[in-house]
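Happy to walk through this one with you in questions and answers. Have the viewer open as we go.

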Amino acid sequence: MKRALMIIAAVTAAVMLLCACSSGGSGSSQTSGSSSQAGGKTLSDVWSAVKSEVTFSDFNEFTEAKKLKRYYGITEDMFDEFAGGINGSGVNQEEVVLVKAKDDSSANQIKEKLDARFQSKLNQNKNYNAEQAKMIEGCKVEQNGLYVTMIVSDNAEKITKIFKEQTGI
């Protein structure tokens with residue numbers, strides 16, 4: 001059992017390393033749309049506020065829309081903006097996804113996709129990494145109008161609070 005866990009962790013780490021290397025670095029989050037958020041805040045602004053108060057280690061920020069398609073199946077025609085990232089260690093399951101959908105239908109589709117990812121993360125960790133599974137269980141996917149978030153972090157409560165303050169939700 002331990003050997004299988006070590007092999008899975010090594011393979012996951014190798015895959016995450018390859019993903020991180022192909023991402024073109026960890027620059028700031030990208031937005032693709034207008035800044036018509038409450039108070040003129042874009043998700044890039046919101047993400048900057050989160051990063052000013054929460055420390056992320058070994059974190060690969062989403063700099064390209066294709067990452068949303070790769071990890072979640074969320075295509076560019078579904079959203080106006082996005083921000084966040086994923087832990088690149090392969091062991092730590094921290095993942096923050098902030099998306100502003102184009103319309104209600106897209107928001108519902110994005111939530112379904114993030115719910116599936118969330119459940120997959122939980123299922124994968126239940127038998128192999130109890131500590132990370134416990135962290136995931138304390139987190140959630142939320143939809144507030146056009147905004148859809150998946151915040152999986154030991155700091156999920158703080159990140160959610162900052163997100164809601166910044167967006168006026």
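**Pairing in the sheet**

Glu 61 stands opposite Gly 85 in S2. This is a predicted model, where local features need pLDDT of at least 70 and side-chain atom pairs count only at pLDDT 80 or more, while totals for chains, interfaces and linings use all residues. Residues are numbered from 1 along each chain as its sequence is written, and side-chain values use heavy atoms, with hydrogens and water left out.

Q: How many helices and strands does the chain have?
A: Helices (H or I, at least four residues) and strands (E, at least two) are DSSP runs, numbered from the N terminus. Along the sequence they follow the pattern α-α-β-α-β-β-α-α-β-β-α. The count is 6 helices and 5 strands.

Q: In what order do the strands of the open sheet lie?
A: Two strands pair if DSSP finds at least two bridges between them. S1 and S2 are antiparallel over 3 bridges, and S2 and S3 are joined, also antiparallel, by 7 bridges. The sheet has 5 strands with antiparallel pairing, in the order S1-S2-S3-S5-S4.

Q: Which are the edge strands?
A: An edge strand here pairs on one side only.

Q: What is the bridge partner of Leu 98 in S5?
A: Strand S3 covers residues 95–101 and strand S5 covers residues 147–152. These two strands pair in the antiparallel sense over 6 bridges. Within S5, the partner of Leu 98 is Thr 149.

Q: Which residue in S3 is the bridge partner of Glu 81?
A: S2 and S3 run antiparallel. Across this pairing, Glu 81 has as its partner in S3 the residue Lys 100.

Q: Why is strand S2 largely enclosed by the rest of the structure?
A: Buried means under 20% relative accessible area, exposed over 50%, and partly exposed in between (1.4 Å probe, protein chains only). Strand S2 spans residues 79–87. It is largely enclosed because its buried residues number 8 of the 9.

Q: At about what angle does helix H6 run to S5?
A: Axes are lines fitted to C-alpha atoms, for helices over the stretch in contact (heavy atoms within 4.5 Å). Angles run from 0 to 180 degrees between N-to-C directions. Helix H6 (residues 156–167) lies across S3, S4 and S5, and its angle to S5 is about 160°.

Q: What share of the residues in the chain is buried?
A: The chain has 169 residues. Of these, buried residues make up 44%.
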